[in-house]
Amino acid sequence: MNSPIMHLFFLLYVAAAVNALSWTATPFNPPAIPLAVRTPYLSAWLPQGSGAALNDVWPTFWTGSILGWCGFVKVDGVAYSFLGAPGVPGVNFNKAVQKQIEFTATKSTFVLSAGPVDITVTFLSPVEVDDLVKQSTPFAYMAIEAQSSDNQSHSVQVYSDISAEWVSGDNSLVANWNTTLSDVLIHQVQLASQSPFAEINDHTQYGSAFYAIEKTSTTTYQTGADVTVRAQFVNSGKLLNTKDTNFRAISNNWPVFAFAQDLGNVSSTSASTVFTVGHVRDPALQYIVANGLQLRYLYFWSHFSSVQSLIASVLSSYSAALQSAQNFDAKVNADATKISTDYASVVALSIRQALGATEITISKTSNGSFNTSDVIVFMKEISSDGNVNTVDVIFPAWPALLYTNPLLGKYLLEGLFRYQETGQYPNAWSVHDLGSHYPNATGHNDGKDEPMPVEESGNMIIMALSYAQKTGDNSHIIRYFRLLDQWAQFLIEDSLIPANQISTDDFAGPLANQTNLAIKGIAGIRAMSDIAQRAGNAEKAANYSSIASDFVNQWQTLAMSSSGKHLTLSYGDSSSWGLTYNLYADKLLKLNLFPESIYSMQTAWYNSVAQPFGVPLDTRHTYTKSDWEIWTAGIVTNTSTRDLFISSVKKWASDGLSSQPFGDWYETTNGEPEGFRARPVVGGHLGEYNFCDSVLVFIHCCR
């Protein structure tokens with residue numbers, strides 16, 4: 001694939017695959033389209049590969065397992081499927097024809113033609129980061145509008161259902177369900193035998209899935225076997241208002257939970273028919289404290305006494321949520337387009353995924369009331385280890401938190417700081433994560449978490465200072481100064497010449513004397529100087545600054561290749577090199593620690609080693625990481641190299657070779673996925689953003 005002819009052939013092949021779409025995709029057709037992405041357990045996607053219409057395949061959980069989510073529309077008595085890939089024996093229906101798909105930071109919108117009527121289906125996963133109640137609400141929307149395409153009046157009815165596949169990773173388990181009938185119709189389904197804080201195939205094994213709609217005079221409902229309920233609508237355009245009470249295994253005659261809405265005669269554009277889907281666990285996590293385990297609850301419980309009242313609020317707030325989403329989308333697009341249109345498209349695909357791995361929690365007081373002054377955000381390390389609050393997963397996601405609401409970053413770090421402040425973690429460096437298996441933040445009191453001592457210690461110090469710089473809030477660095485100082489002391493011991501260890505790129509294996517890891521440790525030491533200054537300790541500040549400057553001088557000699565054209569991957573191996581993305585901290589924190597000549601040299605080198613889909617992570621392999629490519633784009637010294645990195649990530653995301661939610665690990669020679677999917681580290685794709693004097697600018701503008 002390295003010959004010019006093969007390279008040209010491959011690019012033509014990719015272009016042909018993308019151009020084969022029969023619909024318009026804006027800004028491009030991604031590997032998977034986010035549908036309902038709010039939490040680690042509410043994560044529904046439409047897999048794409050080279051292209052799949054909304055009614056070609058079933059929506060899936062981020063793992064790839066099917067989530068039954070079905071939709072039909074009847075127009076003048078003729079039925080069309082618009083969502084999912086249902087088979088209904090004995091009845092006839094057509095497939096609506098997909099015409100358009102567009103995704104933004106919060107929405108995925110499809111337009112399909114159902115005979116003389118166009119159906120617009122909008123999937124909205126709100127991003128309400130300044131409102132902790134709304135951001136912690138584990139519900140998303142699907143809204144349907146019908147529009148006559150021939151200016152004539154047409155009779156229209158719409159239908160949708162979800163299956164019990166939303167409540168478990170094992171379809172042989174028994175579920176039960178009920179339907180609440182009031183001004184809001186609510187289907188609720190859950191496992192008959194629940195296992196709190198447990199997972200099967202990354203699906204939660206407790207809590208309930210909900211599907212709901214506001215009741216009108218023409219709303220009908222039904223629960224029952226998939227083929228029975230769907231046939232009822234296809235044949236008659238309405239449901240029977242009946243409940244199936246034969247509780248059974250998820251895969252036993254596939255129980256579904258359906259609604260139908262008669263829109264009447266549509267001659268222009270109908271009002272939106274709004275459904276909401278969600279999954280609620282209570283409590284959400286268990287978290288280690290000094291005297292045992294503490295139960296943590298989603299923040300929304302501080303404002304709602306029941307899921308039913310929450311759902312009613314969610315549905316009644318759709319118009320406001322849509323307007324808020326449109327405003328947020330416009331801001332994201334305007335900000336990112338200042339870099340490039342390619343960058344804007346990558347950012348838009350990344351935001352729901354990054355925030356959809358998090359949950360905002362609170363504790364209860366001794367009298368049982370919710371304590372809204374005790375907020376901890378938890379993040380699942382989706383797709384790789386499944387850990388809780390993995391430090392080197394929060395770190396690449398950090399730019400998304402800085403951009404949307406830095407307070408979420410503070411709350412993510414809070415759980416890590418608070419646990420280690422109890423003294424239960426025995427190592428001198430920062431812990432790797434809060435627990436091996438989400439949602440169990442049960443710590444590592446044996447000290448046997450995945451060992452990344454320089455990586456995680458540097459990450460914690462850098463993020464703590466970054467938050468303080470961005471917000472002016474020094475409370476964290478003052479309260480946890482002892483821990484930060486402890487980690488900085490460790491960095492002095494093991495950063496300049498790092499021992500044989502793994503870094504965040506643990507899949508590449510351990511390595512001694514890592515140039516890029518040393519950068520992180522030295523930047524962490526220098527960041528500690530600024531932290532000490534903010535904490536009022538001028539003596540420590542001067543000492544840390546002096547040590548960091550001395551280390552940089554020594555590092556330049558150790559890390560330079562014999563040719564003087566690039567930095568090495570590891571000291572002494574002049575044939576090696578890698579992405580020195582940890583220099584990003586120097587620019588983000590405005591440390592001015594590493595000389596500009598290093599940045600210029602690396603910029604020139606990256607241009608000389610680029611592959612068709614980007615620059616490899618390092619010389620051990622030809623794969624790369626998209627988050628680190630965007631970080632590297634933020635520190636190069638010219639816009640052409642910056643755009644090389646950004647356009648490579650966009651090319652990978654749009655090449656049609658993956659059907660997984662946006663992966664961050666891929667092959668630079670041919671654009672094939674390497675394995676990670678749906679990870680929050682895509683928050684690092686917002687790494688081109690930086691903040692100077694409270695005004696959004698870009699790192700390249702701050703030089």
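Reader: Glad to be here! Which strands does the hairpin through three residues join?

Author: Welcome! That hairpin connects β8 to β9, with three residues making the link. Keep in mind as we go that this model is predicted.

Reader: How many bridges join β8 to β9, and in which sense do the strands run?

Author: Bridges tell you that two strands pair, and the sense tells you how their directions compare. Strand β8, residues 97-103, is joined to β9 by six bridges, and the two run antiparallel. To find your place, look for Q100, which stands opposite V111 in β9.

Reader: Is β9 mostly covered or mostly open?

Author: To judge a strand, check each residue and then each face. Strand β9 spans residues 107-114, and eight of its eight residues are buried. One side carries K107, T109, V111 and S113, the other S108, F110, L112 and A114, and all of them are buried.

Reader: How does β6 pair with β7?

Author: Strand β6, residues 78-83, pairs with β7 in the parallel sense, over two bridges. Within that pairing, S81 has K95 of β7 as its bridge partner.

Reader: And helices? What describes two that are packed?

Author: The angle between their axes and the distance between those axes describe the pair. Here, helix α7 (residues 391-404) packs with helix α9 (residues 453-471) at about 20°, their axes being 9 Å apart. Because angles under 35 degrees count as roughly parallel, α7 is roughly parallel to α9. The crossing of α7 past α9 is left-handed.

Reader: Which residues make the contact?

Author: Among them are I394, F395, W398 and L402 of α7, together with M460, I462, M463 and Y467 of α9. By kind, the residues of this contact between α7 and α9 divide into nine nonpolar, two polar and four charged.

Definitions and conventions
Residues numbered from 1 in each chain as written. Predicted model: local features only at pLDDT ≥ 70, side-chain atom pairs only at ≥ 80, totals over all residues. Heavy atoms only, no water. Buried < 20%, exposed > 50% of the residue type's maximum accessible area, 1.4 Å probe, protein only. Helix = DSSP H or I, 4+ residues; strand = E, 2+ residues; numbered from the N terminus. Pairing = 2+ DSSP bridges. Axes fitted to C-alpha atoms, helices over the stretch in contact; angles between N-to-C directions. Parallel < 35°, antiparallel > 145°, perpendicular 65-115°, else oblique. Left-handed = near helix turned anticlockwise from the far one by under 90°. Contact = heavy atoms within 4.5 Å. Nonpolar A, V, L, I, M, F, W, Y, C, P; charged D, E, K, R; others polar.
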